[in-house]
Amino acid sequence: MKRSSLLFLMSLLLIATACKPTEKNYKAAYDAALGKREAALADINVNLPEGAFQQVDGPQLKTIEGSQVYFNNQHLKPVEENKTLPGNYNVVVGAYKMITNCRAQSQALRDEGFDAFPAQDTEDMFYTVAGSFSSLSEAVKFYDSYKKNKNRVYVGLPNSPVIIYSPL
């Protein structure tokens, strides 16, 4: 009995030390993650100031037609049934988890004269679209003019509107 207990403990010790992470494994995992991050950043065509951070998985700051704009590719659909997006390029000015807040901001913008409406992505986030355009050039012009009002608040966004390209 003693001998089998000793063999059992030795096998447990052997298994425990064999599964122990090593510095080499940590370094390999770190290098792989760093390589993926650098590859993702290389795909982003931006002119950021030195030392600035860039979000990799969300809206990307890009220079489009001489303007610095946040841009993202994402599928959106209008919240109202039987409606379609007027254009592929949507200038989003708010992002919400609750449709009520999105509808309230859309209504406030319509009261200001904008053609705003709520839209939804595939992950149940709701976006206030202040303008929807068929060309990127029109969207950038609207983006720049909308952003001139310094009193605007961009809930759930990077303190700026975001142009979301959503293929029809």
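Helices here are DSSP runs of H or I with at least four residues, strands are runs of E with at least two, and both are numbered from the N terminus. Before going on, please keep in mind that this is a predicted model, where local features need pLDDT of at least 70, side-chain atom pairs count only at pLDDT 80 or more, and totals for chains, interfaces and linings use all residues. Residues are numbered from 1 along each chain as its sequence is written, and side-chain values use heavy atoms, with hydrogens and water left out.

So, is Ser-106 buried or exposed? Its relative accessibility is 0%, so Ser-106 counts as buried. Buried means under 20% relative accessible area, exposed means over 50%, and partly exposed is in between, using a 1.4 Å probe and protein chains only. Leaving aside neighbours within four places in sequence, Ser-106 is in contact with Ala-116, Phe-117, Pro-118 and Thr-128; contact means heavy atoms within 4.5 Å.

Two strands pair if DSSP finds at least two bridges between them. Strand 4 (residues 89–96) pairs with strand 6 (residues 126–133) in the antiparallel sense, over 7 bridges.

Last, the rings. Rings of Phe, Tyr and Trp (its six-membered ring) pair if their centres lie within 6.5 Å; planes under 30 degrees apart count as stacked, over 60 as edge-to-face, and the rest as tilted. How many aromatic pairs does that rule give? The count comes to 6. In one of them, the rings of Tyr-89 and Tyr-165 have centres 5.0 Å apart and planes at 45°, so that pair is tilted. Tyr-89 lies in strand 4 and Tyr-165 in strand 7, so the pair ties together parts 76 residues apart in sequence. Tyr-89 is buried, at 17% relative accessible area, while Tyr-165, at 24%, counts as partly exposed.

Phe-133 and Phe-142 form a tilted pair too, 5.2 Å centre to centre with 45° between the planes. Both Phe-133 and Phe-142 are buried. Ring pairs link Phe-114, Phe-133, Phe-142, Tyr-146 and Tyr-154 into a cluster.
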